[in-house]
Amino acid sequence: MTEPVIQIQGLSVAYGNHQAVRDVSVDIPARQITAIIGPSGCGKTTLLRSISRLIELVAGVRVWGQVIFQGQNIYDPRVDVTEIRKCIGLLAQRPFPLPMSIYENVVYGPRLHGRYNRATLDTIVEKQLRAAGLWDEVRDRLHTSASALSVGQQQRLCLARGLAVEPEVLLCDEATSALDPISAQRIEGRLLELKADYSIVLVTHVLRQARRLADYVVFMYMGELVEHGPADRVFHSPQEAKTRAYLEGEFY
Amino acid sequence: MRWRQFKDQFAGRLTWALTVFAAALILVIALALLVRAQPLLDVTPLGKLLTSSDWHPLRGEFGFLPFILGTLWVTVLAMVLSVPPCLLCAIYLAEYAPPRLRDTIKPLVDLLAGIPSVVYGLWGTLVVVPAIRGVITPWVGEHLGFISLLSTGNPTGYGVLAGGVVLAVMVFPVIISVTEEVIRAVPDGLREAALALGATRWQMVKGVVLRRSLPGVIAAVVLGFSRAFGETMAVMMVVGNVPQIPRSIFDAAYPLPALIANNYGEMMSIPMYDAALLAAALVLLLVVLVFTLAARIVLLQAVRRVR
Amino acid sequence: MGKHLEEHFFVALMIVSTIIVVGSLVLILATVVVKGLPALNLKMLTRVPEGGYYLGKEGGILNAITGSLALAGGATLLGYALSLTVVLYLHFFARDTRFAYLVRLSLDVLWGVPSIVHGAFGFTVLLLLGLRASLLGGIVALALLELPILVRAMDEVVSMVPFELQEASYALGATRLETALRAVVRQTVPGLLTASLLAFGRGIGDAASVLFTAGYTDRLPTSLLRPVASLPLAVFFQLGTPVPEVQERAYASALVLTVIILTISLLARLLARRLTRHVIH
């Protein structure tokens with residue numbers, strides 16, 4: 001296994017009295033696609049959102065343990081959370097373009113982080129829209145409202161928007177589940193290309209998708225980490241009975 | 001990059017401070033009124049102010065009883081006149097009216113809420129008062145005058161009845177919109193259950209919907225009451241403004257808000273007058289405060305129960 | 001068949017009640033139009049009261065129209081600024097949900113406070129500061145009246161913004177302030193505008209809170225520290241005179257006030273539908 005980009009150590013998350021993630025420790029490999037799989041309600045989305053502290057937006061949530069990124073624990077109170085989130089991007093389940101034009105959506109992040117030069121921003125927009133595979137479709141209407149795009153296009157716009165802050169890690173939370181099959185395929189294709197430059201962590205409940213994309217697999221059940229390892233090994237010779245049962249479709 | 005963090009922290013502090021300020025306003029108002037009313041309260045205890053009916057400002061006697069009773073007469077009459085039609089109208093809108101009719105009537109009711117109180121007052125003086133003077137008073141005097149509550153000693157038309165009618169119309173939108181909302185919040189499953197047992201629509205409404213939404217309906221009425229209690233201009237224009245304890249709905253009355261509006265800022269030369277009026281404002285504030293809180297607590301429980 | 005008779009009886013009562021409610025609205029508007037329209041003319045709208053106006057001589061109510069616009073406009077601006085900060089705090093910065101609950105509760109109570117109490121309070125504050133009835137005083141008293149309306153309306157508008165939209169902004173490394181101002185407030189612009197129009201409509205119609213705090217004058221509003229006229233008080237005072245011509249002007253003033261308020265409420269509805277270009281549903 002290559003050098004890990006993120007090390008999760010003893011992470012637990014609770015909403016009020018409900019413990020959603022229990023004592024999870026796992027290393028996320030760099031420049032690979034890691035898939036977190038498991039039946040619904042197993043805590044995979046919670047785990048994903050804990051990696052960039054987005055989980056803290058939920059009222060009444062408590063987090064224990066550490067997430068080590070770039071040599072420091074991101075839950076350390078001295079850490080600037082906005083810097084963490086800049087380096088660890090998110091592609092959410094449904095596309096939520098910000099209420100502004102296509103162009104402004106892409107430059108929203110870079111502008112936050114202080115790049116105001118118009119020429120630079122133009123370059124970023126073209127580069128990231130190309131990376132997301134959207135450039136050819138929107139190059140003539142960059143300044144029209146993003147809400148006029150189709151859902152599939154919106155999701156690729158959200159991908160471009162996330163890439164524009166040049167993150168190191170990209171978190172994808174069921175990023176294709178709201179899309180039609182063709183749009184989903186396009187996003188998947190992008191992710192496979194992007195893993196050359198980014199470390200990608202995705203949550204999915206579609207096993208076939210995990211098989212298509214993942215280099216590394218993390219299986220969770222009832223908030224606990226059951227098994228993790230290279231995709232080949234987990235899919236072909238799972239060590240745990242629960243993993244085997246899940247892969248054979250015994251529970252969802 | 002620290003600059004962004006600083007701005008964020010600063011915005012957090014600033015918005016916090018202004019929020020505390022906004023939330024404290026109600027206390028500031030109450031305290032300010034209390035402080036300014038204190039000179040009078042030092043001389044005459046609050047209990048005496050509220051129960052005495054001697055109103056002789058020049059002698060330093062400030063009994064609020066006639067004004068409090070005047071307010072109560074007008075407000076209670078307004079509620080008696082407005083609650084039945086409001087509830088029926090709200091039930092009609094929520095349960096019976098076809099959607100298109102409801103979508104036409106609801107904005108109209110909201111429009112009623114937007115009409116300023118002086119316009120209600122104007123309508124009162126131009127329509128309600130003449131009707132009472134010209135039609136209702138003579139008729140009642142002839143046929144029902146033996147009932148003391150209806151005795152027609154005051155033929156002018158300006159009095160409790162006029163104030164009650166104007167106020168009743170003013171609180172229509174308050175009561176209707178809250179009631180309609182509470183009724184609509186009752187889950188459809190309950191309605192189906194009742195209808196499936198062979199109940200008529202009205203039996204379903206009476207037995208299930210109203211019972212379920214009763215706390216909310218009470219809250220709506222309480223909100224209407226507290227709105228009516230503090231209303232000033234419209235009432236003042238039609239109620240006659242005679243400092244006496246009304247005995248009949250045709251008598252003139254002098255509600256508390258009208259007392260403040262007519263005299264504050266004018267009679268400053270009379271000692272204690274200003275303190276007395278601010279004490280009156282304080283009483284108004286406290287009554288409304290109690291009613292608003294009560295309505296809110298009831299409403300909150302109603303919502304919880306419905307869910 | 002008793003139960004069907006009962007059904008018909010109550011449905012009939014409901015329809016009668018609904019007719020009473022709608023009918024009283026129509027009656028009020030009809031009264032204002034029928035009485036006000038004959039007395040209304042261009043001079044009423046374009047002139048200020050001249051010598052002997054209150055005895056029936058020449059003049060108009062331009063002083064009250066401009067005064068009311070200045071009062072309600074100022075109060076809405078002031079209330080808007082304060083309520084936007086409160087709502088931003090409640091949604092983006094507040095950690096303590098009990099404090100947020102208390103804030104909302106206290107503003108609900110403030111909503112119930114009769115406007116005459118705002119007026120009396122405003123006047124004591126003016127006295128304390130050594131000021132007299134003035135445009136500024138009226139603005140502050142009306143802002144007290146509008147604040148809870150604005151906060152509640154904006155609170156609702158901001159709550160409607162999908163959580164994912166905020167999350168998308170945070171996920172890009174935005175701070176709370178940046179998320180609030182750049183992503184969320186943009187989404188809510190139509191809602192916030194509607195809210196402030198509603199508050200404006202409420203403010204411009206209120207008489208009791210400006211009675212002591214704004215005073216009355218025959219001049220146009222020029223200074224924040226001078227008294228200012230207002231339409232509701234124009235109705236009230238002119239109606240109180242014994243001269244029939246002046247009373248008719250009260251009707252006309254009421255018509256002007258009503259038309260302004262209805263226009264605003266209509267505008268608010270239209271705006272709520274129109275300005276949704278970038279808004280995600």
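Author: We shall discuss the chains one after another, bearing in mind that this is a predicted model.

Reader: Let us begin with chain B. How many helices and strands does chain B have?

Author: Chain B has 11 helices and 2 strands. Along the sequence, the pattern reads α-α-β-β-α-α-α-α-α-α-α-α-α.

Reader: What does the C-alpha trace of chain B span along its principal axes?

Author: The C-alpha trace of chain B spans about 80 × 70 × 35 Å. As for burial, 50% of the 307 residues of chain B count as buried.

Reader: And which contacts join residues at least 24 apart in chain B, as a percentage?

Author: If one takes the contacts in chain B between residues at least 6 apart in sequence, 78% of them join residues at least 24 apart.

Reader: I would like to look at H3(B). What end-to-end distance should H3(B) span, and what does the model give?

Author: H3(B) has 32 residues, and at 1.5 Å a residue these should span 46 Å. The end C-alpha atoms of H3(B) are 45 Å apart, which agrees.

Reader: Where does H3(B) bend?

Author: H3(B) bends by about 35° at Ser82(B). A proline, Pro84(B), follows within four residues.

Reader: Why is H3(B) described as largely enclosed?

Author: Of the 32 residues of H3(B), 23 are buried, so the helix is largely enclosed by the rest of the structure.

Reader: How many residues of chain B are in contact with chain C?

Author: There are 67 residues of chain B in contact with 67 residues of chain C. Several helices of chain B each supply at least two residues to this side, among them H1 (2-43), H3 (65-96) and H11 (273-306). The most comes from H1(B), with 18 residues.

Reader: What classes of residue are found on that side of chain B?

Author: The side of chain B that touches chain C has 46 nonpolar, 14 polar and 7 charged residues.

Reader: Now the other contact of chain C. How many residues of chain C are in contact with chain A?

Author: Here 22 residues of chain C are in contact with 26 residues of chain A. Two elements give two or more residues to this side of chain C, namely helix H7 (163-171) and helix H8 (176-204). H7(C) gives the most, with 8 residues. By class, this side of chain C has 10 nonpolar, 7 polar and 5 charged residues.

Reader: Let us turn to chain A. In which sense do S1(A) and S2(A) pair?

Author: Strand S1 (residues 4-15) and strand S2 (residues 18-29) of chain A pair in the antiparallel sense over 8 bridges. One of the pairs joins Ala14(A) to its bridge partner Gln19(A) in S2(A). The two strands form a hairpin with 2 residues between them, and Gly16(A) in the turn has a positive phi of about 60°.

Reader: In what order do the 6 strands of the open sheet in chain A lie?

Author: The order is S6-S7-S8-S3-S9-S10 in chain A, and the pairing is mixed. At the edges are S6 (88-91) and S10 (224-230) of chain A, each pairing on one side only. Neighbouring strands of this sheet are turned by 15° against each other on average, direction ignored.

Reader: And what packs on the sheet?

Author: Helix H6 (residues 151-163) of chain A packs on the sheet, where H6(A) touches S6 and S7 (169-173) of chain A. The direction of H6(A) makes about 175° with that of S6(A).

Reader: In which sense do S3(A) and S8(A) pair?

Author: Strand S3 (residues 33-37) and strand S8 (residues 199-203) of chain A pair in the parallel sense over 4 bridges. Ile36(A) stands opposite Val203(A) in S8(A).

Technical notes:
Residues numbered from 1 in each chain as written. Chains lettered and ligands numbered in written order. Predicted model: local features only at pLDDT ≥ 70, side-chain atom pairs only at ≥ 80, totals over all residues. Contact = placed C-beta atoms within 7 Å. Nonpolar A, V, L, I, M, F, W, Y, C, P; charged D, E, K, R; others polar. Expected span 1.5 Å × (residues − 1). Bend = angle between axes of the 7 residues up to and from the residue. Buried ≥ 20, exposed ≤ 12 C-beta atoms within 10 Å, placed from the backbone. Pairing = 2+ DSSP bridges. Axes fitted to C-alpha atoms, helices over the stretch in contact; angles between N-to-C directions.
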